[in-house]
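Student: Please take a close look at one part of this structure, a helix beside a cavity, and tell me what surrounds it.

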Amino acid sequence: MASEEELFASVDALLNEEPHLPPPAERARLREAAGITQARLATALKTTTQSVKNWENGRSEPKSPRLDAYQRLLNGWAAKYPAPGAAPPASVAATAPAASREPGASGVETADAPQAPAVPAAAPARPATPRPAATSRRQATKQAAQPAADPRFPHGPLAVLDGDGCAYGTGGIVLDCPATTVVELVEWTLRESGLGAPKLNRYGKDSDPLIVLTAEAAVKLGLPQRLEGHEQRRSLRLPEDHPVVKQVVKAKWRLTQRGFGPWARIYRRAQGRERQCVQLAILSWDALDERSWPGVSEMEPADVARVLGVYAQRVITPRGSTAVSGLELMTALRPPTRAVQDPETGNWVPGHNPGSLGTEPMDPAPPEATPEHPVVVDSGWKGGFLNEEAYQWVRDVSLLTDEECTLPYAVGLDLNTAFLAAAARLVVGLSAPDHFHTPTFNPKIPGSWLVDLSHVEVDPRLPSPFTPDGTRPTGPAWYQTHTVAYAQELGYNVDPIEAYLRRETGAYLDPWHDRLKNAYVDTLADLGVTKDLDDAEFLAAMERHKDADPALAAVLAAIKATVKGGIGKLRERPQGRKYQEGERWPALQRPTWRPDIRAAVISKARINMHRKLRNMATMTGLYPLAVLSDCVVYPSPGDSPLDFLPYAASGKPQPGGFRLGPTPGLAKLEGVQSMLWAVDLMEQGHNPARHIKGGDAVLDEGE
């Protein structure tokens, strides 16, 4: 029998033992259920994102004191988000007390979704006939679409309302919505639904709840099933004398200047810190563009809620088109103001948030503007404009060699979210432009430079890095800083004639890049395309990823559209036939109307592409047939990128050229055709990169 001394020694050993963490997969589940990214967790624990990734895949373990803090956090999350099938904490119940089950109260179902989060006891509920909330695939999905960990928004960011009064939320939740008018719907959403999402930055604003209406729900609320008219779809609105618009106004609610269209925002002025605003999206009015949200409008309401819920959790609650959401995400992550103390009164007042674009719109320098801009028209500017656009280049067929023409295949490579990769650590101007004559070029200062680059020699089998069509410059022209810096990198002197430069600078797009990169990589991983795959496995996974889960494939498409559309919105042009040159158009009133930032992103993306093209020629002797935006076509001896991409003797990809992989800036297979097909298109003056996918596919070129 053990002595007392031995027993105490054993107990002391247990007390001194390091905290025991849950298995790696459970750590990742808990973090995702809480809606926290690996980068944000790394910041909280004062470590690196890679360390968090290692902890979640079992490659390493944290050490004290970080270990103790990590365990405390995981224990807290475990209490809030028990594993599927586990008993919920005592403070949470699957249904509300019987006393609260009164007719007219907000109801919650978790039909057909046993892993859905429990409803807080404080939320009144009434029983309802269980309805299928989703397909079995959605039930088996990771916790990516679970409602956000915020007690103010227990039911997540959004819901999809059908014609039977069922509001399908994220995580399998179904709310009972008794509203029969738009006004009742708005008031129910704000008072009873528990919908919304917390702010993405400490100085920002919470996301307004989003209600998506099916065609049946729209008709039930008195709206037309389709919004008809002769204008562009994006401009269609209900007339001001429509009964629903009158109801909204009579109840003292307001509509934004966009009116009641496919994306309608209904609000009252905020009372204190409480916002009173609901966003509506009407599916049958084409709120979800098929190009950005493929197949979503035809999905069942529960699956629409799943798609939009994952997007809301990983990107932002949709507020319009993906382009609008991309722009709104910039502001949500870099709010223009923060609370500062007035030194005279001691009161807290709104002040400029360093690193943001501020609250006031800023006119561009004349060469950064568009020809119809008031800055150009009013000044009579004739000095030319920036032409920083994505590549649209085809090699002259006379420069094709016999050896190239005898290769059997043309293989297209597409760079993943090339504009997003260019936004990483991109320093842009934050203040107004200042004009300089004969300045000394400085590659660290963002701006626009008038410089002659016609003397820079480039192999004619490659596009010029200085023009979108790849032709050699013929004289002085305006260029963004990255373009001029590349001429220096190639070993040439540059002597600017004049420049418009900005004194205050910053990496404004960094948080935007980080959030969208994580969203893109995480969604691809959910579709089976992970970073640990070798190149052959990666190509195979990409070939089938869209079929693995159509809902998540739609999320991936929306993320990509958010990147390109958000960058395009930085220079939104005037719309409508009534516009007169020189008038200010609505987009100019936004601080985010910044064509210089758009030019910086596209310039860097084009230069990144040219650098890879040049390195590929050096390493492999291969030259491209054509480039279109982020797609490049190469002649190849085989029907796979593995047949011509450069690899070291160890089998690892050579740095500097194109590399396959799932992260922004790496490449994937765009398509394969015969070399004869490509040459035939080139001889007709067409770009093979535009059609390499087959089926007359056309790439989205950024806007």
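Tutor: Buried here means under 20% relative accessible area, with exposed over 50% and partly exposed in between (1.4 Å probe, protein chains only). Helices are DSSP runs (H or I, at least four residues), numbered from the N terminus. This is a predicted model, in which local features need pLDDT of at least 70, side-chain atom pairs count only at pLDDT 80 or more, and totals for chains, interfaces and linings use all residues. Residues are numbered from 1 along each chain as its sequence is written, and side-chain values use heavy atoms, with hydrogens and water left out.

The part to look at is α2 (24–33). Seven of its 10 residues are buried, so α2 is largely enclosed by the rest of the structure. Those buried residues are Arg27, Ala28, Arg29, Leu30, Arg31, Glu32 and Ala33. They pack against α3 (38–44), α4 (49–57), α5 (66–80) and α10, where contact means heavy atoms within 4.5 Å. Just after α2, glycine 35 takes a positive phi of about 75 degrees.

Now the cavity. On a 1 Å grid over the protein atoms alone, a cavity is a set of points where a 1.4 Å probe fits but cannot get out, and lining residues have an atom within 4 Å of a point. Grid points are joined across faces, edges and corners, and a volume is the space filled by probe spheres set on the points. The largest cavity has a volume of about 180 Å³. Of its 12 lining residues, Ile36, Thr37, Gln313, Arg314 and Asp522 are the closest to its centre. At least two lining residues come from each of α2, α10 (301–314) and α16 (510–526), and α16 gives the most, with four.

Notes
1 Å grid on protein atoms, 1.4 Å probe; cavity = no way out; pocket = protein on both sides within 12 Å on 5 of 7 lines; lining within 4 Å.
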